[in-house]
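I opened the notebook for a first look at this fold.

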2 protein chains.
Amino acid sequence: MSQPLYVVKIGGNVIDNPEACSRFLEAFSKLSGTKILVHGGGKVATQIAAKLQIETQMVDGRRITDKPMLDVVTMVYGGLVNKNLVAMLQAAGCNAIGLTGADGGIIRSVKRPVKTIDYGFVGDIEEVNDIQVNALLHSSLVPVIAPLTYSNDGLLLNTNADTMASAMAVAMAGHYDVNLIYCFEKKGVLSDPEDDNSVISSLTPGQYIGFKDSGAINKGMIPKLDNAFAALNTGVAKVTICHADELREAAIGAAGTVIHLG
Amino acid sequence: MSQPLYVVKIGGNVIDNPEACSRFLEAFSKLSGTKILVHGGGKVATQIAAKLQIETQMVDGRRITDKPMLDVVTMVYGGLVNKNLVAMLQAAGCNAIGLTGADGGIIRSVKRPVKTIDYGFVGDIEEVNDIQVNALLHSSLVPVIAPLTYSNDGLLLNTNADTMASAMAVAMAGHYDVNLIYCFEKKGVLSDPEDDNSVISSLTPGQYIGFKDSGAINKGMIPKLDNAFAALNTGVAKVTICHADELREAAIGAAGTVIHLG
């Protein structure tokens, strides 16, 4: 039995709400033991891009990261959001250190190849430097990771925060019993998307297929759950999806949806 | 004799020039041994503030950091500038980690008290966490520090990069023989401000007073030199002021102005 490690992902909707974000950070700072926070971007990048008259380009519902938009997400995710989270955690007694994938070379990616769509400066993760991350954890630091990675040729690349959390959890599974917790604005995976209290307390691959077929699980929840099952299949001990207000309960299995291999 | 440590400060004018910045980063990455980079802001923050229609307020020639401007410098210094420097250094084989004072709690400050002028969200340094910085250096990381600090109550604060470099050099002097090098767009301290080749190769406190009295040393060079002498007086082994293109020569005493106690 290895030492436990929490890898917690906090979504953009929570970051956009100062009160909800503040409650979450207090709970995260009180989570005892070794931990890593991965955060999403929130709507601030889109708002600042609009003020700078940079057009947000969408293709098939997905954002394209051209060079001006890459600069905006570097500023907002890597600067404004990340550094404010770090300063607030430090004030709460949590020794946070804000990082992108480039810092310490912790998450290297490659620019997504152009097939039918050119997503621009978007990175697909190639390698997590688990040794470097472990050295930071052994210095009693709490990494707070923004959704940006870097390529061998020195480019910063926009990267999905859910995927980064999952890749980090998998890479650290060789050193720790990893508990990967996705926090967002719902109480877990819902069996009825219209009913916020219809939380599925545990979910196996077979049940997942059933809920997808019935349409109960759809849209943004699908890549999140695909990431969750992939993490379990590659050594992560436990994956939970929960409300940001229920982090501490979810950490002991008393809230949210626990994802199982069956 | 302790192990040597370079604390190098690079000014905003060099960062604003992509070719000059790229040459500097290549030289910095090749500087062998333990090292820390502290960077200034450059003009990008002012340009982005203007695009966001945030007015740059100046009182007696000094910038006031109100809340909208604090957000801009957090984005630009802590995000855009810092993370691009880190990604470029990583590509050059230097294991850079981008930090503000808040990250790992390395540089804590207090918001400057309001006397005749309210400078807004500006921090005066209270404490450098030399133990934490040393732990990062022992992990073979190269800290790249943006000109932002944090207060006990979780505020980010705009802080002068020259002062941060000096405070970092002083704090690390208990662990290392610190060589503090200020790199900028001139070849050193000039005896004739109109002649770029009139570099004073070494400067003592007595000579400094003479050059100030004659007006040869004036304006922005005065706080830089005051910082330099203060650093020497509190344990820093060597301080050099040089051109960003001559970092490697200055590191071995073959370029720039070396500041002496006499």
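I looked up where the charges of chain A sit on average. The mean positions of its 21 positive and 26 negative charges lie 2 Å apart. I note that this is a predicted model.

I read off an accessible surface of about 10500 Å² for chain A. Carbon and sulfur atoms hold 50% of that surface. Of the 262 residues in chain A, 56% are buried, that is, under 20% relative accessible area.

I counted nine helices and 14 strands in chain A. The radius of gyration is 18 Å, close to the 18 Å from the globule rule for 262 residues, so chain A is as compact as a globular protein of that length. The C-alpha trace spans about 45 × 45 × 35 Å along its principal axes. I then checked contacts with a separation of 6 or more in chain A: residues 24 or more positions apart make 69% of them.

I traced eight strands of chain A through an open sheet, in the order β5-β8-β2-β1-β11-β13-β14-β12. The pairing is mixed. Which strands are at the edges? They are β5 (96–99) and β12 (202–203) of chain A, and each pairs on one side only.

I followed β12(A) to its partner, β14 (residues 257–259) of chain A. The two strands run parallel and are joined by two bridges. Within this pair, A:Leu203 stands opposite A:Ile259 of β14(A).

Definitions and conventions: Residues numbered from 1 in each chain as written. Chains lettered and ligands numbered in written order. Predicted model: local features only at pLDDT ≥ 70, side-chain atom pairs only at ≥ 80, totals over all residues. Heavy atoms only, no water. Pairing = 2+ DSSP bridges. Helix = DSSP H or I, 4+ residues; strand = E, 2+ residues; numbered from the N terminus. Rg over C-alpha atoms; globule rule 2.2 N^0.38 Å. Buried < 20%, exposed > 50% of the residue type's maximum accessible area, 1.4 Å probe, protein only. Contact = heavy atoms within 4.5 Å. Areas by Shrake-Rupley, 256 points an atom, 1.4 Å probe, with all protein chains shown as cover. Lys, Arg positive; Asp, Glu negative; His and termini not counted. Charge placed at Lys NZ, Arg CZ, Asp CG, Glu CD.
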